[in-house]
Each structure stands twice: as structure tokens, then as C-alpha cells.
Amino acid sequence: MTMSNTGGRRRPPTIHDVAREAGVSRGTVSRVLNGGHYVSPSAAEAVNAAIRRTGYVVNRHARSLITGRSDSVGFLLTEPQERFFEDPNFNVLLRGCTQALAAHDIPLLLMIAGTQAERRRIVRYITAGHVDGVLLVSSHSGDPVAEELRAAGVPLVACGKPIGLGSKVSYVAADDRDGARDMVRHLLGLGRRRVGVVTGPLDTPGGVERLAGYKEVLAEAGIGIDERLIVSGDYSRDSGEAGAERLLAGAPDMDAVFVASDLMAQGVLAALHRAGRRVPQDVAVGGFDDSQAAVATSPGLTTIRQPWDRISSEMVRVLLAQVGGEDPATVILPTELVRRESA
């Protein structure tokens, strides 16, 4: 195969070159590039082989003029920018979604909207059609982004159930409540009875569901709820440290604590160490996520593993199905107890 030259420069391959190389029509190549509908497996294989041989690259701008799509997806984090760099879960989720979309040759645009003004600008950008759909992360109740995008007809998948929207929005989530139940049962199984909790933000699905799981298991065990053993954090390390200090002040006989994120658990361990409490001898500690923060602690953190790879791939799968015209869908994935030295 040869390409014509203009002024000594090699002409980039076109869709016509791919069709000629594959021995099919230009229309067949176009159908393969747009999802492979109504194309036989042998023709699709010939086209894909020709694309590899010619080095053809899709002209996304030209295709978007025809299809009305941008061929890109937004990853929208509605948190302050510093949280993206502090919390390892966001980076793991972003990497997984990027890899899942790469298999479809779709780029992912990172968008961070931590203020009301940033959210307004990004919603305008998205609803103008600059992305085909949005992967929404960290949606607090009262945050209007999910509802605004849904009302505008933008395909949308949230990580975690958006509070107040129910089945109106697609979402993928780990089973927060069941994971919390597993952790609290584990702590009680160690013989602990004064189990505290540092919750996540109670305007987020994870914060609400993990606290509910904690309370359910205590009720099953016939242990009354002591409000002195319940404090809230915001998933940051500092809030975990402050939460542990409040627990120690209000319930000095606490012998275990369930922390609703590994990053907060790092802060809890620091506060316990400073107070002279040994872990796990005096206070057993359990986290949630199984992030990098869990293995960076001393002692190693017993925690609940969220299946981040599956969460990422399912978010992408559900979003692309919605972009293709399917209805909203919900996926709930199981968690797993990971035992280490802290409990």
C-alpha cells in the first residue's frame, strides 16, 4: 500500500484507504467505526485489520459533525480540588474509568467543581454538548448537579446512590451497608462491646448507609445505641483525628472503633497513639475502602474492600449503554472484609 505525497509529505490515511485495503465499501468502514451494527464478523475483522495496517486515526471532529456526539466522557468530581489529591480513592476510580473507556477509544475529561460557581460553569459546558455523558463522583444531598444534568437529558452515572433521586439516575455502588455490618460484626466477634464509629458525611450515601449498618448490627447484638460513641467526619484524615479525640473524651471506655474510610482511620490511629491507647490491645480499629491508606498505617488496617476495578468498569458500561439509548440502571457490588493487624 502506498500513500500519495504532497510536497514530499506523507498523506495521512483516510477512510477510503481503509475501505480499499479491506476490500469493502466506505459505508461498511463507517458502520464499523460507529459501533459495528449490521456488519458481518468477517467484514468487521477485515476493516479492523486494515485500520491497523494503514495506521488510520478517526477524525473525531468530522465524525462529531455527522453523529452529533463528541466521542468523549466527563469525570466530574463535585469536591474541593485538594480532596482529589488527598483521597486515594478518587485517583483509583479515575484511573479505572480511563482504562475502561480506552478500550472503546473514548477519552475521559477530568472536571472538578468544588464551588457553586465552578458547578455552574461546568454544567453549562456539559449541557452544551461538549461530552456525551458524565461519570459523577461524590454527590452530596442538596448538590444540584445530578438533577440539573438529568433534567437536561445528559447521560449520567453516579458513583454511589445520589440522595433524593432514587431510580431517576443510573448509579454504581459498593454495598456500603452490608460492608459496615461485616466490620461491626467482626469487631464484636473479637469480644469488644464499646464500639464507636466515625461516620462519613451524613449528606452522602456512603455516610448514611455505613452508619445504618453499624446501628443494625449493634441492635442485633442487643447493644443499645450510645450517641457518645457516634461522631461524624468528612472522609479526610484530619476529621478522623478530630473524631477520635471526641470519642475518647465522650466515651473513654471505648474498646473498638469503626471508621468509615481508611484515610480517616489514619487520623484515628494517630489520635489513639497520642492518647497512649494501644492498637489493637486497647482499641481495635476497622476502616473502609482498602485503599493505599490501609497499607500505609502501622499497624496494618483491617478494612472493608471496595471493588474499585469493577465499580469503574460498571460505571463505564452503564454510561455507554445509556448514551446508546438504554434506560437508567443500578448496580450494587459486594464488599469484602480484609483482616490485618489493627483488629
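**From one residue to the whole chain**

A: We can start with E241, which is found in helix α11, the helix that spans residues 237-250. Please keep in mind throughout that this is a predicted model.

Q: Does E241 count as buried or exposed?

A: The general idea is that a residue counts as buried when its relative accessible area is under 20%. In this structure E241 has a relative accessibility of 16%, and therefore counts as buried.

Q: Which residues is E241 in contact with, leaving aside its neighbours within four places in sequence?

A: Contact here means heavy atoms within 4.5 Å. With those sequence neighbours set aside, E241 is in contact with M264, G267, V268, A270, A271 and R274.

Q: How many aromatic pairs does the structure hold, and which residues form the pairing?

A: The structure holds 1 aromatic pair. It is formed by F258 and F288, whose rings lie 6.4 Å apart centre to centre with 50 degrees between the planes, an arrangement that counts as tilted. The pair links distant parts of the chain, since F258 belongs to strand β10 (residues 256-259) while F288 lies in the loop between β11 (284-286) and α13 (292-295), 30 residues apart.

Q: Which residue lies over the face of F288?

A: That residue is R210, which is placed over the face of F288 at 3.9 Å from the ring centre.

Q: Turning to the surface, which residues form a nonpolar patch there?

A: The patch is formed by I163, L202 and V208, which together have about 220 Å² of accessible area. One of them, I163, is found in the loop between β6 (156-159) and β7 (170-174). Its relative accessible area is 37%, so I163 is described as partly exposed.

Q: What do the totals for the chain say?

A: The chain contains 14 helices and 14 strands, and buried residues make up 53% of its 343 residues. Among contacts with a separation of 6 or more, 70% are between residues 24 or more positions apart. The chain exposes about 16,000 Å², of which carbon and sulfur atoms supply 50%.

Key: Residues are numbered from 1 along each chain as its sequence is written. This is a predicted model: local features need pLDDT of at least 70, side-chain atom pairs count only at pLDDT 80 or more; totals for chains, interfaces and linings use all residues. Side-chain values use heavy atoms; hydrogens and water are left out. Helices (H or I, at least four residues) and strands (E, at least two) are DSSP runs, numbered from the N terminus. Buried means under 20% relative accessible area, exposed over 50%, partly exposed in between (1.4 Å probe, protein chains only). Accessible areas come from the Shrake-Rupley method with a 1.4 Å probe; for residues, only the protein chains shown count as cover. Patches are made of residues with over 30% relative accessible area and no salt bridge: like charges are joined within 9 Å, nonpolar side chains (Val, Leu, Ile, Met, Phe, Trp, Tyr) within 5 Å. A salt bridge is a side-chain nitrogen of Lys or Arg within 4 Å of a carboxyl oxygen of Asp or Glu. Rings of Phe, Tyr and Trp (its six-membered ring) pair if their centres lie within 6.5 Å; planes under 30 degrees apart count as stacked, over 60 as edge-to-face and the rest as tilted. A charge sits over a ring if NZ of Lys or CZ of Arg is within 6 Å of the ring centre and within 35 degrees of the ring normal.
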